[in-house]
Amino acid sequence: MHHRLKDDLSSFDAILDQARAMAGAYLETLDQRPAAATLPPELPPIALPARGEGARAVLRRFERDYAALLSGSPGPRYFGFVTGGGTPASLAADWLVSTYDQNTQRNGDTCASTIELQAVDMLRQLLGWPAEWTGACVTGATMANYVGMALARQWVGLHYDRDIAADGLQGLPSIPVFAGSAHSSTLKALSMAGLGRNAVQTLPQLPGREAFDVGALEQRLRERGDQPSIVVASAGTVNTVDFDDLAAIAKLKQRYRFWLHVDAAFGGVAGASEPRRALMAGIEAADSVTVDAHKWLNVPYDCAVAYTAHLPLQVEVFQNHSAYLPAPEPLPDHFLHLTPENSRRFRALPLWMGLLAYGREGYADVVECNCEAARYLGELIAADTRFRLAAPVRLNVVCFAPVSADAQAIAVLQKAMHKYGTAYLSPSILHGEPILRAAICNWRTTRDDIDLAFAALQRLVSR
């Protein structure tokens with residue numbers, strides 16, 4: 001054994017204690033840490049050492065040179081993108097995931113696949129989704145959307161008596177994908193699935209909305225006749241958390257032939273709060289659904305779940321068989337044959353522990369507290385004549401801009417907020433206009449955090 005490895009093995013407890021102290025220092029200073037770090041123009045490359053420094057020395061090096069360059073993204077005022085934090089239970093579980101280092105497959109040598117099956121089923125219960133759906137953990141919405149598109153592709157192939165997973169797409173007619181405000185990860189998924197980004201036929205949006213016109217969808221489906229199509233619906237768009245009319249789309253499935261994929265990456269978690277569940281009426285008609293855990297469920301990166309009502313089809317697409325691996329079977333915990341990954345991190349454990357630790361009431365409270373914080377921020381913005389709301393505050397995202405500000409002025413304000421450090425906001429485009437958006441997904445966020453963030457905005461706009 002290499003001498004550095006031998007030394008580290010003998011001081012393993014001290015190494016873990018040192019890492020624990022670093023983690024504790026980071027968490028204890030989240031409220032004071034800039035929401036997003038300001039990086040130097042360039043970070044120099046590092047020469048690989050011949051002998052190695054040992055774990056404790058490298059931990060000290062990282063803390064000295066890089067810890068200050070980390071964002072405060074697990075903290076209460078990181079409102080960029082759609083970023084949750086890590087609840088205490090899910091963070092503790094994530095530490096254990098690396099310690100246990102399980103390859104989550106159904107090999108008969110670990111309970112990891114059983115834990116994953118339980119976790120995805122508890123999440124299904126939390127959101128009120130159909131009991132017959134099965135789910136599998138993947139890295140994020142991009143991979144979950146890819147699973148959905150790969151299954152849709154296979155389903156379309158059956159219409160043409162083609163096993164696309166075995167024989168490919170060659171010679172088949174193009175497959176249209178109808179969508180409204182589809183997330184960019186869906187386009188990436190279509191690219192990876194061989195269907196192509198240009199397969200998307202964008203449907204017109206309802207006036208002032210990001211939801212698409214279901215009447216326009218029906219017209220496109222009618223024109224297709226008996227030919228199969230793919231429809232991608234949003235259960236919570238990224239900019240405004242708008243929802244396509246899933247109930248109306250579900251009714252169309254009674255008359256037209258299409259695969260319905262619902263991207264509920266973060267908006268779907270609104271269903272944890274019973275009063276919000278009506279937003280997703282009709283989702284039971286979906287053939288595949290994406291939902292993230294590392295967003296509004298506040299599980300550490302990376303974890304999402306791909307649900308489907310078509311388990312045997314999933315095995316057709318993702319089966320992986322060799323002499324030393326179990327044969328493909330349509331079993332809900334046979335994850336080797338259900339996702340793109342063969343080797344799989346035990347990423348379901350933080351989801352499992354979080355769901356058990358906080359239950360229905362805990363997650364409903366996170367949803368309602370975040371929605372209330374967003375409502376409050378929207379009120380502050382609407383009451384200040386220097387700002388305008390760019391969209392109604394539907395759930396937990398606030399879209400706004402300074403009055404009469406052009407794209408350059410908004411970019412300057414976003415960068416100033418970033419440098420100021422109190423809160424982090426994302427720039428975006430809504431209906432062709434540049435905006436700022438605050439996505440409030442963190443279990444730590446309070447009304448005081450909203451006051452601090454808005455006060456920083458006011459100071460910067462006054463300059």
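This is a predicted model: local features need pLDDT of at least 70, side-chain atom pairs count only at pLDDT 80 or more; totals for chains, interfaces and linings use all residues.
Local features need pLDDT of at least 70, and side-chain atom pairs count only at pLDDT 80 or more, while totals for chains, interfaces and linings use all residues. Residues are numbered from 1 along each chain as its sequence is written, and side-chain values use heavy atoms, with hydrogens and water left out.

## Pockets and cavities

The search runs on a 1 Å grid over the protein atoms alone. A cavity is a set of points where a 1.4 Å probe fits but cannot get out. A pocket is an open set with protein on both sides within 12 Å along at least five of seven lines. Lining residues have an atom within 4 Å of a point. Grid points are joined across faces, edges and corners, and a volume is the space filled by probe spheres set on the points.

For the class counts, Ala, Val, Leu, Ile, Met, Phe, Trp, Tyr, Cys and Pro are nonpolar, Asp, Glu, Lys and Arg are charged, and the others, Gly among them, are polar.

| Space | Volume | Lining by class |
|---|---|---|
| Largest pocket | about 1000 Å³ | 18 nonpolar, eight polar, five charged |
| Second largest pocket | about 460 Å³ | ten nonpolar, 13 polar, five charged |
| Largest cavity | about 40 Å³ | four nonpolar, three polar, two charged |
| Second largest cavity | about 30 Å³ | seven nonpolar, no polar, no charged |

Start with the largest pocket, at about 1000 Å³. Its lining holds 31 residues, and Ala23, Tyr26, Leu27, Leu91 and Trp95 are the closest to its centre. Helices H2 (12–28), H3 (55–65) and H4 (88–100) are the elements that give two or more residues to this lining. H2 gives the largest share, eight residues.

Helix H6 (141–159), helix H8 (184–192) and strand S10 (426–430) each supply at least two lining residues.

Two cavities of 30 Å³ or more turn up in the whole structure. Leu30, Arg33, Ala35, Gly72, Gly75, Pro76, Arg77, Tyr78 and Thr422 line the largest cavity. Around the second largest cavity stand Phe79, Leu377, Phe400, Leu425, Ala438, Ala453 and Leu457.

## Strand S5

Is strand S5 (residues 258–263) mostly covered or mostly open? It is mostly covered, with six of its six residues buried. Buried means under 20% relative accessible area, exposed over 50%, and partly exposed in between (1.4 Å probe, protein chains only).

In a regular strand the side chains alternate between the two faces of the sheet. In S5, Phe258, Leu260 and Val262 point one way, and Trp259, His261 and Asp263 point the other way.

S5 pairs with strands on two counts; pairing requires at least two DSSP bridges between the strands. Strand S4 (residues 229–234) runs parallel to S5 over six bridges. Ser234 stands opposite Asp263 in S5. From S4 the chain passes through helix H10 (residues 246–252) to S5, a right-handed β-α-β crossover. Right-handed means that, with the strands pointing away from the viewer, the path from the first strand over the helix to the second runs clockwise. Strand S6 (residues 288–292) also pairs with S5 in the parallel sense, over three bridges. There, Val262 stands opposite Val289 in S6.

## Salt bridges

Side chains of opposite charge can pair when their charged atoms come close. A salt bridge here is a side-chain nitrogen of Lys or Arg within 4 Å of a carboxyl oxygen of Asp or Glu. How many salt bridges does the whole structure hold? The search finds 21.

Arg375 and Glu379 form one of them, with the closest N and O atoms 2.1 Å apart. Arg375 and Glu379 are four residues apart in helix H12 (residues 348–383), so about one helical turn separates them. Arg375 is partly exposed at 35% relative accessibility, and Glu379 is partly exposed at 42%. Both belong to a salt-bridge network that links Glu372, Arg375, Glu379 and Arg447.

Asp65 forms a salt bridge with Arg64, at 2.7 Å between the closest N and O atoms. Asp65 is partly exposed at 35%, whereas Arg64 is exposed at 60%.

Glu341 and Arg347 meet in a salt bridge at 3.3 Å, N to O. Both Glu341 and Arg347 are buried.
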